[in-house]
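Here are my notes for a colleague who is meeting this structure for the first time. Please read them alongside the sequence and the model.

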Amino acid sequence: MSAIPSLETLLQQEATVRVSQFDFDTAWKIGSLLRERAASENLPVAIEVYAFGQVLFSTSLSGSSSENLEWIARKRHTVLRNAHSSLYAQELNKAQGTPMSEMKFLDQQRYTDSGGSFPLLLGNGGVIGAVTVSGLPSHEDHALAIWAIQQVM
């Protein structure tokens, strides 16, 4: 089992885990790699690759549920709102003592500071979407999403 990365490590991941180019085929490759790995490890997860304002890849494996799809949307919205991974949001909010669930100005049905969604970042830092996994502990969902993006860098 992996440890939860520090805020500094999470920012370093965002600075280095970037794609030089991205298109619909890249989205399919990322999603397919994630699905293959999750299936081979019997992981009860749902997976989404989102870019250009739309879902480009989505799948659910045995043991996951429709609830995972709701978590995926909330994690993705957090990434797109903050331009940081949802695990970064989780750890930053924890360090500041106010979890997102206590932030009255945020729609709790739309956002969450639960890890598992990582921004699709271009080389210049522009966020074009997110890769999201739901079904494991937050930091493990996060690690899977990063792993998949690293396979196409």
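1. Phe52 has a relative accessibility of 42%, so it counts as partly exposed, a class lying between buried (under 20% relative accessible area) and exposed (over 50%), with a 1.4 Å probe and protein chains only. The model is a predicted one, in which local features need pLDDT of at least 70 and side-chain atom pairs count only at pLDDT 80 or more, while totals for chains, interfaces and linings use all residues. Residues are numbered from 1 along each chain as its sequence is written, and side-chain values use heavy atoms, leaving out hydrogens and water.

2. A search of the whole structure finds three aromatic pairs, where rings of Phe, Tyr and Trp (its six-membered ring) pair if their centres lie within 6.5 Å, with planes under 30 degrees apart counted as stacked, over 60 as edge-to-face and the rest as tilted. In one of them, the ring centres of Phe24 and Phe52 are 5.8 Å apart and the planes are at 20°, so this pair is stacked. Phe24 is partly exposed, at 48% relative accessibility, and Phe22, Phe24 and Phe52 form one aromatic cluster.

3. Trp28 and Phe57 make an edge-to-face pair, because their ring centres are 4.9 Å apart and their planes are at 70°. Here Trp28 is exposed, with a relative accessible area of 52%, whereas Phe57 is buried at 5%.

4. Ile128 touches Phe22, Tyr50, Ala51, Phe52, Leu120 and Leu122, not counting residues up to four places away in sequence, where contact means heavy atoms within 4.5 Å. The C-alpha atoms of Ile128 and Tyr50 are separated by 8.4 Å, although these residues are 78 apart along the chain.
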